[in-house]
Amino acid sequence: MSVKRVLASAPAKIILFGEHSVVYGKPAIAAAIDLRTYVRAEFNDTGAIKIEAHDIRTPGLIVSFTEDSIYFESDYGKAAEVLGYVRQAIELVKEEADVNGKGITVSITSQIPVGAGLGSSAAVAVATIGAVSRLLGLELSNEEVGKLGHRVELLVQGASSGIDPTVSAIGGFIHYQKGEFEHLPFMELPIVVGYTGSSGSTKELVAMVRRNYEEMPEIFEPILNSMGRLVEKAREVITSDLDRDLKFQTLGKLMNINHGLLDAIGVSTKKLSELVYAARTAGALGSKITGAGGGGCMYALAPGKQSEVATAIAIAGGTPMITKISREGLRIEEVE
Ligand SMILES: Nc1ncnc2c1ncn2[C@@H]1O[C@H](COP(=O)(O)OP(=O)(O)OP(=O)(O)O)[C@@H](O)[C@H]1O
Ligand SMILES: C[C@@](O)(CCO)CC(=O)[O-]
Ligand SMILES: [Mg+2]
């Protein structure tokens, strides 16, 4: 029986250590979290690719009212650009299969805030590749979907380490470097994510760091190297047989150092720093930006203090989210 419709989902992520330096070949540690993007893919008879993105707000809407009708106009150039990840994901899968001139309709709903450092671009790419590949009868492993997701990010952003699509596709808690990943022993992490409410574009932030690196390589090299070393130290701690409390204390110190280094390369903002310090004042062992920065989210490690830290983040003007690591990555939810 041929497949008519597929629903797939993929999780958000947090980068625990090593964002930005991972783009320069250094290691990083990330975890999938329990917020998901859902993508439904089905055939249509028009021969076209149709994308219904229910969570994307298009800027520059113009509405004209007459007595008996309403006309809508929009900035269509920007609307097309914002759907770049979904479109590239569909195109890459279509290259691998015979679609017989059929069109594909993709419909997206997401729980992940956009441009907030939680990997919304990777989750939408991974869930789209998962749904469309299954619709077209391709048997791809989650790891292969993650690799295609990395190609999507490279095509749209110009630069990407691949850590976000990898962890979104395979799930769990990973160490990642230059396209290779390793699952770390699963541990419950008592974390709180704080959302500033503003967004940053990963493409622009990665490009800004690259420009500054090229202008002052002698200053940036040692900072990026230190980020890489602190990731290795964090991995040693996570995989050691130290007791949980000692592990958290050292990880907290490493988070604070990592935040300072991210601030030094220019990806923090006043609001992010306010949330980071509010969390520490409320008893977090460590707190830092997560993801590309420039707005978006921070996270705090707060064993026994999650609700105090969540309150402090809210008082400082952020939106707290108490999330859990998702062991599962890409999931096929329904096939009809
Ligand atoms: N629900 C969605 N539907 C369609 N496109 C989406 C959706 N969510 C994210 N995107 C695409 O991803 C872009 C945001 O990706 P970007 O990499 O800048 O931020 P992020 O992935 O949320 O954060 P980070 O990369 O720091 O983890 C959006 O502008 C849009 O192109
Ligand atoms: C900023 C960055 O390091 C992480 C974004 O979540 C970009 C990347 O690794 O592709
Ligand atoms: Mg992204």
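Guide: A term to start with: two residues are in contact if their C-beta atoms, placed from the backbone, lie within 7 Å. Among contacts in the protein between residues at least 6 apart in sequence, 75% join residues at least 24 apart. Bear in mind that this is a predicted model, where local features need pLDDT of at least 70, side-chain atom pairs count only at pLDDT 80 or more, and totals for chains, interfaces and linings use all residues. Residues are numbered from 1 along each chain as its sequence is written, with chains lettered from A and ligands numbered from 1 in the order in which they are written.

Visitor: How many helices and strands does the protein have?

Guide: There are 10 helices and 13 strands, taken as DSSP runs numbered from the N terminus (helices are H or I, at least four residues; strands are E, at least two).

Visitor: And what share of the residues is buried?

Guide: Of the 336 residues, 46% are buried. Buried means 20 or more other C-beta atoms within 10 Å of the residue's own, exposed means 12 or fewer, and partly exposed is in between, with C-beta atoms placed from the backbone.

Visitor: OK, Val 124 next. Where does it lie, and is it buried or exposed?

Guide: Val 124 lies in helix 3, residues 120-135. It is buried, because 29 other C-beta atoms are within 10 Å.

Visitor: Which residues is Val 124 in contact with, leaving aside neighbours within four places in sequence?

Guide: Thr 37, Tyr 85, Val 86, Ile 108 and Ser 110. For Tyr 85, which is 39 residues apart from Val 124 along the chain, the C-alpha separation is 7.3 Å.

Visitor: Switching to backbone angles: which phi value does His 20 have?

Guide: His 20 has a positive phi of about 70°, though it is not a glycine. Most residues other than glycine have a negative phi. His 20 is in the loop between strand 1 (5-17) and strand 2 (28-44).

Visitor: Is His 20 buried or exposed?

Guide: His 20 counts as buried, because it has 28 C-beta neighbours inside 10 Å.

Visitor: What about Asn 100, what is its phi near?

Guide: Near 55°, again a positive value in a residue other than glycine. Asn 100 is in the loop between helix 2 (84-95) and strand 6 (103-110). With 8 C-beta neighbours inside 10 Å, Asn 100 counts as exposed.
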